[in-house]
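Subject: Structure handover and notes

Dear colleague,

Please find below the structure that I said I would pass on. My notes on it come after the sequence and the model, and I would be glad if you read them side by side.

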Amino acid sequence: MQKIVFARDRRKKKARIKLILFFLALCSLGVGILLVLQDHQKANSRSPFPQDFTFTIDEIEENPLFDSIDFAKAIAEQALQLAQEGEQADGFSGDDGDALAHSDDPAAGSDQQHDDVISADGDEDAIADNAHPDLTPEAKNVLEELLEIASQAQRIKNQFSHTVARGDKLKDVLEHSGLDNRVAQGLIKQSPGLANLAVGQQFYWTLDANGELDYLNWLVSEKEEQIFQRTGKNQYTRKIIAKKGEWKQDVVKGTIQNGLANSLKAIGLSQRQINSLISGLQWQIATNKLKKGDKFAVLVRREYINGKVTELGNVEAIHVVSGGKSYYAILADNGRFYNRHGETLGKGFARIPLLGGARVSSHFNPRRVHPITRRLRPHKGVDFAVKIGTPIIAPADGKVVAVSYQARGAGRYIKLQHGSQYATVYMHLSRSLVKVGQQVKKGQRIALSGNTGGSTGPHLHYEFHINGYPVNPMTVKLPGTGASMPDKERKAFLAKAKNIEARLKL
């Protein structure tokens, strides 16, 4: 009887664990997917909670928004695995009994047969417990469907696109997704043409679940496209596609119904074209503030093959009317977007957020050993050795999206959002001089340095994020670099803008 009680208890405990995991997976997946899809719909307008803040110093540089998807998926997969193991255990119990009954050890066979008989006939509680120790087929179907949705959300998160601007190198392009120069060098070795990019060329790429480059599409010209697919570590296959389509310049108009991105998709634009337009508009207006009923017009150069539009081609301009005001993003010959007057608000980021120079006490290092925990933890920013009370300045115009305190990690911290793609983070501060929601100007004092939180001494920890991915603040190509136009080029742009303004009239 004691054996039966223990078996029954194990089944009860197992059932409870599965039930808890099931509901936890449902909740986590639902919340995580909602946040990611909402984040994507708002065109990479990131959560005000900094990417690298959790509640233990060991995990200070994890992303709670997107890691919730990974965590929930792991929970759901574990629940499904437990359910499958439970099914296998139930199915194998008879087989194991038969094997034991026919083994060379008669005592073992006798015990197994005895337990089988008693658990089936002599204990009603055991029968009741065994009636459904595992997740129902309906519950497992729900988990499997949610896992598929979560995978789709991950794919959305891991899609990137970029139009080459003057001075861009491949490492500058890939850095928009946090990839380092080694990836760029590996691709250039395979395709030397990547070492000399031309203005206007387009890239579209995806990362896998581990943040590694998985797929890269390079639109070399209107007649050539190259596709790279990863086959192993730093190994890619390359496919060259020759294009023979007809190219046309189209004006496409629409009305915002469910966010700008979805509305642009509804008129036939590809994801890379949508990303390009949202990036171009980011210095003119917060695209997540656009409302239902706002109108827009897009000028796009598209390829037609047998009368059918392909997904290739650059978007050359967009005009949005919101709240009675017009906003333009027009692509110049240097590969950058400007308003109709040839201006861009993204002109110039300071390299460091300090009034004077400062010694770097700890560099950006994805393989750093943490000074407190002694565990391998990426250092996703730069530490400046400054005394307590040193003024911290905004490196560019932006909006304060987080001012908070984390006792065991970042201490007092601030996060600024600069357009939709860029964000900066400041940790271990002694005092904040700004509030959440406040607009700040380049050079404005935002805080005083300190030694708060998990810190080994007075310093400023500074991070620079592109599309939510931390990059090296000391080497990244800063937004606005090369954005100014020579007088002759500016004159040509203004003439082009006047023509485009007439074509995109709403």
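This is a predicted model: local features need pLDDT of at least 70, side-chain atom pairs count only at pLDDT 80 or more; totals for chains, interfaces and linings use all residues.

Residues are numbered from 1 along each chain as its sequence is written, and side-chain values use heavy atoms, with hydrogens and water left out.

**The chain as a whole**

The protein chain has 10 helices and 21 strands, where helices (H or I, at least four residues) and strands (E, at least two) are DSSP runs numbered from the N terminus. Of its 506 residues, 47% count as buried; buried means under 20% relative accessible area, exposed means over 50%, and partly exposed lies in between, with a 1.4 Å probe and protein chains only. The accessible surface of the protein chain comes to about 25000 Å², and 52% of this belongs to carbon and sulfur atoms; the areas come from the Shrake-Rupley method with a 1.4 Å probe, and for residues only the protein chains shown count as cover. Among contacts (heavy atoms within 4.5 Å) between residues at least 6 apart in sequence, 67% join residues at least 24 apart.

**Aromatic pairs**

The structure holds 9 aromatic pairs, a term for rings of Phe, Tyr and Trp (its six-membered ring) whose centres lie within 6.5 Å, with planes under 30 degrees apart counted as stacked, over 60 as edge-to-face and the rest as tilted. One of the pairs is that of Phe160 and Trp205, which is stacked because the ring centres are 5.7 Å apart and the planes stand at 20°. Phe160 belongs to strand S1 (residues 159-163) and Trp205 to strand S2 (residues 202-207), so the pair ties together parts that are 45 residues apart in sequence. Both Phe160 and Trp205 are buried. Phe203 and Trp218 also form a stacked pair, with 5.9 Å from centre to centre and 0° between the planes. This pair links distant parts of the chain, with Phe203 in strand S2 and Trp218 in strand S3 (residues 213-221), 15 residues apart, and both Phe203 and Trp218 are buried. Ring pairs also link Phe160, Trp205 and Tyr469 into a cluster.

**Salt bridges**

A search of the whole structure finds 7 salt bridges, each defined as a side-chain nitrogen of Lys or Arg within 4 Å of a carboxyl oxygen of Asp or Glu. Among them is the bridge between the side chains of Arg166 and Glu489, at 2.9 Å from N to O. That pair links distant parts of the chain, with Arg166 in the loop between S1 and helix H6 (170-174) and Glu489 in helix H10 (residues 487-503), 323 residues apart. Arg166 counts as partly exposed at 37% relative accessibility, whereas Glu489 counts as buried at 16%. Another salt bridge joins the side chains of Arg340 and Glu501, at 2.8 Å from N to O. Arg340 lies in the loop between S11 and strand S12 (359-362) and Glu501 in helix H10, so this pair ties together parts that are 161 residues apart in sequence. Arg340 is partly exposed, with a relative accessible area of 30%, and Glu501 counts as partly exposed at 28% relative accessibility.

Asn334 is found in the loop between strand S10 (325-331) and strand S11 (337-338), and at 0% relative accessibility Asn334 counts as buried. Its side chain makes a polar contact with the side chain of Tyr338 at 2.9 Å; a polar contact is a pair of N or O atoms within 3.5 Å, where within protein one must be able to donate a hydrogen and the other to accept it, and residues adjacent in sequence count only if both atoms are side-chain atoms.

Asn467 has its place in the loop between strand S20 (460-466) and strand S21 (469-471) and is buried, with a relative accessible area of 6%. A polar atom of the Asn467 side chain lies 3.2 Å from the backbone oxygen of His176.
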